[in-house]
Amino acid sequence: MDGGNQLNFLMNRIMKKFITAAIILGSVSACNVLDIEPLSQISSNQAFTSLNNAEGVVNGMYNNLQTVYMWRVQVISDVASDMSQQIDTWDALNSADEFNFSADNSEVDDLYTSLYRCVDIANSVIGNVPGMTIAQANKDDLMGQGYFVRALSYFDLARFFGGIPNVYGTDGVVLKLTPSVGITDEDFVPRNTLRETYDQVERDLLEAIAKLPETRSSNELSKAKATKPAARALLARYYLYNRQWDKAEQYATEAIGNLPLSVAFETAFRSKNTAESLFELQFNATDGAGLRQWYYPSNLSGRGGTALHDATYREMTADPADARGKLTALNSITNTYYTTKWNTAQNADNIQILRRAEQYLIRAEARAEQNNLSGALADLNVVRARAGVTASAASGKDALIDAIIKERKLEFVGEGHRWFDVIRRGNALTVFANVVRSKGSLPSYSIRIPGKQVLPIPSAEMRTNTKLVQNEAYR
């Protein structure tokens, strides 16, 4: 591509990829519990002239995060695993099911682009708030939220498009830490290393913990906007992926706090902003999420394009007492099963991003890896007790870790953890072999090659920035 065409292509790409403080898009009703409405069409010289406007920019940042987590992270990764299957004609997700992503996959492109939009709004907050004439406590809070969202975005970019340290991958993603202003040579840079990308996530989360408040003025705001407990929970997940077991245990313990796992499993999804949740995105009938839409059948006003694998359903319902298995139903049209965790009409359920149960299971795994088997078993059984099933009697380190990973599969159905759990444990090429699918051109699918453990960098991005190197399986 010659320089002129490359510049034109980049300009079009940037218009799609980046949302800066100059134009914060999104429904003003999206974050319905937030105290300041998200700003729309605000000029860059107004965005950070008052606390009210800056809070509007931050709320717009959460609105954009909705695009990432309304279903994309969860459905793409669960369909790519042995959790769920795509049974309709949506080719972009059928490709995930068949381990056959291409660089032109529309959903891969949308996920990548939406995450970088979050990064750019976060960069605008982090870069512009320090110069504002407002109280330091307000500055810290706004910046802390920016660091949290940037960390979450880069964490997702790293694990989807780069890999997981010490398991697979050496290339991360391009780290951009300043707001996008026009087109400069900085827009044409190679990918950072995987280690550099993950290290940036850690730095951002430590900054977030230092600056965020412990809680907010209402329970709803404490769930809808980042707080110290949410940042600790995400940092515990980060250390789990990086096999820093002592730190994973430390931050999971801090995230759990003194609150027991007391919210009924069904209530954690059927009610908004419960004590189970450490951070959840706020949705309503106007800006509905898409998880119910993908799983529920057409006769219940869904699409019904995504279903649980039959094997997943059998695991979930093997114990009739298990509350998690009870949140399933039969799609009589396709004769497949689906999760009913999110069941509100018009897709108005909130989406839980960080849950207290995850922290117990992070701590259980970290303790098992450090040979604190009694502590690990106790944490595992906290989650099992809440689900209504008998305590595990797993004995020995390997058996206990296997039990924890199995528990994670049951606990997080539909929530987008399974793909990464199997990969980070180094088991993708065995677990994702001969995955039986109810629908499809073949009776089963296998991942086969290590390079398919990450997604391709979108082809549009590759054409924009010729200094990028594509992931090896997609060259």
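**Entry 1: α16 and α17.** I looked up how these two helices cross and found that α16 passes α17 in a left-handed crossing. The model is a predicted one. I noted an angle of about 25° between helix α16 (residues 373-387) and helix α17 (residues 397-411), with the axes 11 Å apart.

**Entry 2: Asp322.** I placed Asp322 in the loop between α14 (310-317) and β4 (328-331). Is Asp322 buried or exposed? Its relative accessibility is 5%, and buried means under 20%, so I recorded Asp322 as buried. Setting aside residues up to four places away in sequence, I found Asp322 touching Met316, Ala387, Val389 and Leu410. For Asp322 and Leu410 I read a C-alpha to C-alpha distance of 9.5 Å, across 88 residues of sequence.

**Entry 3: nonpolar cores.** I looked up the largest nonpolar core, which has 105 residues; Leu111, Phe148, Leu157, Phe161, Phe279 and Leu354 touch the most other members. Helix α7 (residues 136-161) supplies the largest share of this core, 13 residues. I followed up Leu157: beyond its neighbours within four places in sequence, Leu157 is in contact with Tyr112, Leu115, Tyr116, Val119, Gly162 and Val173. I also noted a second, separate core of 16 residues, including Ala357, Leu361, Ala368 and Ile401.

Key:
Residues numbered from 1 in each chain as written. Predicted model: local features only at pLDDT ≥ 70, side-chain atom pairs only at ≥ 80, totals over all residues. Heavy atoms only, no water. Core = buried A, V, L, I, M, F, W, Y, C linked by side-chain atoms within 4.5 Å. Buried < 20%, exposed > 50% of the residue type's maximum accessible area, 1.4 Å probe, protein only. Helix = DSSP H or I, 4+ residues; strand = E, 2+ residues; numbered from the N terminus. Contact = heavy atoms within 4.5 Å. Axes fitted to C-alpha atoms, helices over the stretch in contact; angles between N-to-C directions. Left-handed = near helix turned anticlockwise from the far one by under 90°.
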